[in-house]
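Subject: Structure handover and findings

Hello,

Please find the structure below, followed by notes on what was found in it.

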Amino acid sequence: MTDIDGLLAAYEEQMRGVPPTPPHGVCYEQDGPVLRVVGQFRGFVSTPSDVGVRGAELDQLIARQRDYFAARGEAVEWKTRGHDRPADLTDRLRAAGFVPEEPETVLIGRADERAAAPVLPDGVVLRQVTADADMHRIAAMESAVWGQDWSWLGEDLISRVAADPDGIAVMVAEAGGEVVCAAWLVFREGTEFAGLWGGSTVPQWRGRGIYRALVAARAELAVARGVRFLQVDASADSAPILRRLGFRAVTTTTPYVWSPPRP
């Protein structure tokens, strides 16, 4: 077994089960081999690497998830990985009206090898935040970066902190009192893993080491909690940075999203 095989096996065993404590208003529902997450800004479907059904039975499973959220008037994401089975899963998702978003690379690194005192450009400070106002500032920054309404993110982070304050650590990088980057660390109780999320940086501060500093700071928090592995679903922009930091690619992940027809 190669190092990659071992990392993927650990990821499969520990990271594809029931997620941590749900935020207020979010619930988990099992439908055969899949787990529905209900009550977020859009629905979410999590599966094992092999859903265990084929053909018409798989089509029915996919349709049930789509129709469940259609009845709620909500979009739904079915999260796939590059090694998932059956091989025609994504074809069947497309046939049911699901549309792929941008693929990401699943990267895993040793927390103790990433932990270090963060090195920041002059004028930038890091803070761990818990206040509602800071979560709304993060959402406003993300909305500006992506040119979309990300106000849901502020409410999502607030709910996560309220539901399990020890399960998430949210950090901001600030310059002149403005949020220029934000990222969070999500602990996975009962596993050796924690997830690195976020990391978007405003354009004028990119390429100056802020993203790397936030990785190092969150790795320090993870090591202090006994976490062995850090896992990232990395965009095309972030993946090269993480690879240079020693993270290893184990698979890819692509969200397939069904959205209700516009009125």
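Two strands pair if DSSP finds at least two bridges between them. Helices (H or I, at least four residues) and strands (E, at least two) are DSSP runs, numbered from the N terminus. This is a predicted model, in which local features need pLDDT of at least 70 and side-chain atom pairs count only at pLDDT 80 or more, while totals for chains, interfaces and linings use all residues. Residues are numbered from 1 along each chain as its sequence is written, and side-chain values use heavy atoms, with hydrogens and water left out.

Strands around E12

Strand E12 covers residues 248-258. Strand E5 (residues 99-100) runs antiparallel to E12 and is joined to it by two bridges; here Val99 stands opposite Val257. Strand E6 (residues 104-110) is also antiparallel to E12, with five bridges, and Leu107 has Ala249 as its bridge partner. Strand E4 pairs with E12 in the antiparallel sense over six bridges. In that pairing, Trp78 has Tyr256 as its bridge partner, and Lys79 stands opposite Pro255.

How covered are these strands? Buried means under 20% relative accessible area, exposed means over 50%, and partly exposed is in between (1.4 Å probe, protein chains only). Eight of the eleven residues of E12 are buried, so the strand is mostly covered. In strand E4 (residues 76-81), six of the six residues are buried, so the rest of the structure largely encloses it. Both faces of E4 are covered: Val76, Trp78 and Thr80 are buried on one side, and Glu77, Lys79 and Arg81 on the other.

E4 has a parallel partner too, E3, with three bridges between them. Phe44 has Glu77 in E4 as its bridge partner. Between E3 and E4 the chain passes through helix H2 (residues 55-71), and this β-α-β crossover is right-handed. Right-handed means that, with the strands pointing away from the viewer, the path from the first strand over the helix to the second runs clockwise.

Val34 lies in strand E2 and, at 0% relative accessibility, counts as buried. Which residues does Val34 contact, leaving aside its neighbours within four places in sequence? Contact means heavy atoms within 4.5 Å, and the residues are Glu29, Val45, Ser46, Thr47, Leu61, Gln65 and Trp78. By contrast, Val34 and Thr201 are 34 Å apart in space, C-alpha to C-alpha, and 167 residues apart in sequence.

Aromatic rings

A pair of aromatic rings is described by the distance of the centres and the angle of the planes. Rings of Phe, Tyr and Trp (its six-membered ring) pair if their centres lie within 6.5 Å; planes under 30 degrees apart count as stacked, over 60 as edge-to-face and the rest as tilted. By this rule there are five aromatic pairs. Why is the pair of Phe41 and Trp152 stacked? The ring centres are 3.8 Å apart and the planes are at 10°, so Phe41 and Trp152 count as stacked. This pair links distant parts of the chain, 111 residues apart: Phe41 is in the loop between strand E2 (34-38) and strand E3 (43-46), and Trp152 is in helix H6 (residues 151-163). Phe41 is partly exposed at 47% relative accessible area, and Trp152 is partly exposed at 27%.

The pair of Tyr68 and Phe69 is edge-to-face, because the ring centres are 5.0 Å apart and the planes are at 75°. Tyr68 is partly exposed at 24% relative accessibility, whereas Phe69 is buried at 0%. Ring pairs also link Phe41, Trp146, Trp150 and Trp152 into a cluster.

Two rings have a charge over them, meaning that NZ of Lys or CZ of Arg is within 6 Å of the ring centre and within 35 degrees of the ring normal. Arg36 lies over the face of Tyr68, at 4.0 Å from the ring centre. Arg225 lies over the face of Phe187, at 3.8 Å from the ring centre.

Nonpolar cores

A nonpolar core is a set of buried Ala, Val, Leu, Ile, Met, Phe, Trp, Tyr and Cys residues joined through side-chain atoms within 4.5 Å. The largest has 29 residues, of which Met135, Ile138, Leu157, Val170, Trp184 and Ile210 touch the most other members. Among the elements that give two or more residues to this core are helix H5 (132-146), H6 and strand E9 (178-187). E9 gives the most, with seven residues. Apart from this core lies another, of 19 residues, including Leu107, Phe187, Val227 and Leu230.

Regards
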